[in-house]
Structure formats: structure tokens, C-alpha cells
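Me: Hi! I have a structure open and would like to talk through its inside. Can you help me read it?

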Amino acid sequence: MKYVAAIDQGTTSTRCIIFDKKGNIVTVGQKEHEQIYPRPGWVEHNPEEIWKNTLEVVAKARIGEHIATADITALGITNQRETTVIWNKTTGAAYHNALVWQDTRTSDLVTQLEERIGSGWFRDKTGLPLATYFSGLKIVWLLQNVPGLRQEAEQGNALFGNMDSFLVWNLTGGVRGGVHITDVTNASRTQLMNLQTMAWDDEILAELDIPRKMLPTIEPSSKIYGKVTSEVMTGVPIAGILGDQQAALVGQTCYQPGQAKNTYGTGCFMLMNTGTEAVPSKHGLLTTVAYQFENQPVHYALEGSVAIAGALVQWLRDNLGIIQKSEDIEALAKTVDDNGGAYFVPAFSGLYAPYWKSNARGVIAGLTRYVNKGHIARAALEATAYQTREVLHAMQQDSGIEVKALRVDGGMTVNELLMQFQADIMDTPVTRPKMIETTALGAAYAAGLAVGYWKNLDDLVLNWGIDKTWQPKMDDGTRQELFAGWLKAIERSFDWE
């Protein structure tokens, strides 16, 4: 048997999943890493810890099923996007912890640039508004705040990357000739790449004073980039790179314009394939790269990003202790029939789509003495569904395409209560595929296509199958009343900082 492996370097953990030709999971290795919170709103990861975990999970996955290196035809990588690390090319050591996509320390830079240039200038070039979310301003912060880093960067000693670049560089030799690359999907999340030329934008680099020498070479999402030199998978070609949400789009086989998927993970991310046209958003969405296979044109997507989804369940578990395990949330929410009038707006790091308010903060609204922890649990789950409805509405307005059914994936889709409420509040069917690990699968698909393991996209579409569909059951009056309450609650979170 021959297989394809995928490394899924996520926000809370790193996994290695090995797939067979039908897109089934053969084996998994997984390990969580520390979430570092130096100050309110600051979120960091230790890149060295993530690199060690990566080697460990690859070994764990292979050992689990006694899979030899010779049996793995290709390796794909998918990663938490926007998370920013800068390291020394001679020593391999990072100059600072990685700044995570949720980190809000660049909010002052956002304000300054808004006043000086305005969001529109950046959006026209990159498809992205000014926000703390993207990598570019995180690079600026590191250059301004890490002693000696600017000089190192200007001398060509410092390398920037999102986690994909950091892992590929290390896997292909690191200080001994590691390849410094990224793919178009990750590059499109830096706010430094021009969406039309697929190249780093000189005007933006000049405006932000970022040395071009730091930046990786931009490549397609599916191509043989180099071979693994590390002993955990020596000689296996690295042949696919996709940012995690684009990887899920590829894994969900959304290759036709108008097909959309929503991934429920730490955050919640809906992408709609818009084909080879970049569609500018007028309703608070991002225009981004969906994927580019080797020798093919770039495909674009509209994206609605929600910062906090599964992370809210983790917060109830870790910070409040009202549940022991994340999966306990559904049973607790089922102890009540509705939210009891309570709404939970999880704007812990501001609001992303469609509001883009970095100064919003989390609120629980509508509390009375009647409300208990069951209502809070239910309100936490409903928050993800309300935010998704807002994104879907914006997407349909921007694209002019009605989404007939939403394809869903990610860890939260095992929550039946959430999935039914999602269909109800959107008045749109929700479809979960048999394989919900579509992020890793998308990276495997990109790698497998590059080496001929799968012949074409038709092979991949044949692998996709429906596990369950939830049909809307809620009457329209209840739907409108609940959603009106949400809109009132979300307004209360604005302009808090």
C-alpha cells in the first residue's frame, strides 16, 4: 500500500495524518502545544516546541501502523495562517515567540495606518482590510520591538514565515540548506502580496518598511518543493502547502465557483470558491486565494473569518471550569430548551467578519436570575451559529450566488445540537461529509496531485461522501426574534477598548 501524509499545524495542536487513496485516515499522531498569554490580547506560541512536536507526531503516526518511509509517496503541509515567526538562518533559532493570528498587539499600528493611508489602499491591493489579524503588521511589531532584529533583517540573516515556511525550512535541512518558501494561499494572508500579480508588493513593503530579503519565495499550492531530510521521513517529497482554511476547501472538493464550506475549529471560517476571478467584497469579507495547482491559474475565494468558535468552548472549560471536557458542552446545553434570553458575544480579540472591529470585546448580555450554566453553554454554541449566519448573508450579497447547502467540517461538527441550530438560524441545509478532517485531507490532496498519486480533481470528488444533512426546522418568527436579540447583543460589544 502507498499513502500520502499531511502535517496539520494548527492553533492548539500539531497532527500528522496518513491517508489512503480513498481519502480515508490510516493513522494519526497528535500533540497539543502551550498557549502563551503575556498580556491581555497577546497570544504567542513557542516555535521550537511546535517543531519538536511536529517530529514527534510524524513518528507517532508512522509507528502506529508500522508505515515505512518508502510507503509514503508525498507529504502535504497545512497550517494556522497569519501566525508569524522570524528566525535566524544560520542558527535556526527564533528571535521571539511566534505571534499568533489572534494576537491584538498591533492595534495601535492599525489605527495609525487607518489615519495615514486608510484600509481601502491595502484592500485594493491585497483583498484584506487593515486588522490585527494578518502577518504584515506582526512583522512590523517584531522589527520595532526585538532588539537588533531590524539590522539582522536588513543584512539578510533573519527569515520570516508563517508556520508553513518555518516547518518546510526545518524539514528540508534547516541551517543546512533548508528551502525558504510559502504558497500563494499563505502569502495572501500576510497583507504583503498583491492579489493580481501573486508577488510581494513593493509599495506595501516600502510603506511598512519590511526588508524584502526576509520574505520566502511564493510557490503554487501543489508542486514538489523539496525532500524531507529529517530522519522521521527521509526522502519523502514535500509537495503540497495550503493555509488551513484553503486546505479545508480543497478537502471538501469545492472546486466549482459558488461552492462553499465552513470549518468549525478554534475560529470559524467560511470560504466560497469564486473561480479565477478575484471578487472584491463590499460586505466585510476578505478576498483571498483559494488554491493554485502547478501549471494552473490561481483560484480565488471570498472568506468570512470568525475569531472565536471552538475557543469559546475551551474558555468555558479552562477559565470558568463549567465543563470538564470540550465534548461535555452539548450535554450541558441540552439541559435547557433555549438560551433563556442570554447571548454570548465572544469578541475576545475583537470582531472579524463582517464588522472588523479590533476594539470590540466579549460580552454576555440578557442575563436574569433565571439564567443558569446550561443557558450559558447554549448561548456559547449559538454564538458560532449566529456569526456564521452573518458571514453567509454577506457572502451571498457579495457573490450574488445563493448557497443551496453549506458543507461543514472541523471538530465542532460532531455537535448535533449546534449543527441543527446552524441549519435553523440560517434557514439553509447543513451537510457534514463522511470525512470531517478535511483540512489535513486538503493538504494530502495537494501533495498527492503533485506526484501523480491522484490523477486529477475528478479522483478527489469521487472520494467525497455525505455523512449527514440537517434541514431547517425552526419557524421564521422564532428565527427572526432570536437573530434580532443577537444583533442587539453584538452592538453592546463595540468600542469597548
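Me: Which residues lie nearest the centre of the largest cavity?
Reply: They are V306, L351, Y352, A353 and Q387, part of a lining of 14 residues. A cavity here is a set of points on a 1 Å grid over the protein atoms alone where a 1.4 Å probe fits but cannot get out, and lining residues have an atom within 4 Å of a point. This is a predicted model: local features need pLDDT of at least 70, side-chain atom pairs count only at pLDDT 80 or more, and totals for chains, interfaces and linings use all residues. Residues are numbered from 1 along each chain as its sequence is written, and side-chain values use heavy atoms, leaving out hydrogens and water.

Me: How much space lies in the largest cavity?
Reply: About 80 Å³, counted as the space filled by probe spheres set on the grid points.

Me: New topic: how many salt bridges are there?
Reply: A search of the whole structure finds 27, each a side-chain nitrogen of Lys or Arg within 4 Å of a carboxyl oxygen of Asp or Glu.

Me: What about D201, which residue does it pair with?
Reply: D201 pairs with K125, with the closest N and O atoms 3.1 Å apart. The two are 76 residues apart, and K125 sits in helix 3 (residues 119-126).

Me: Is D201 buried or exposed?
Reply: D201 is buried, at 6% relative accessibility, where buried means under 20%. K125 also counts as buried, at 14%.

Me: Which residues form a network of salt bridges?
Reply: R81, E82, R189, D244 and E303 are linked that way.

Terms used:
1 Å grid on protein atoms, 1.4 Å probe; cavity = no way out; pocket = protein on both sides within 12 Å on 5 of 7 lines; lining within 4 Å. Helix = DSSP H or I, 4+ residues; strand = E, 2+ residues; numbered from the N terminus. Buried < 20%, exposed > 50% of the residue type's maximum accessible area, 1.4 Å probe, protein only.
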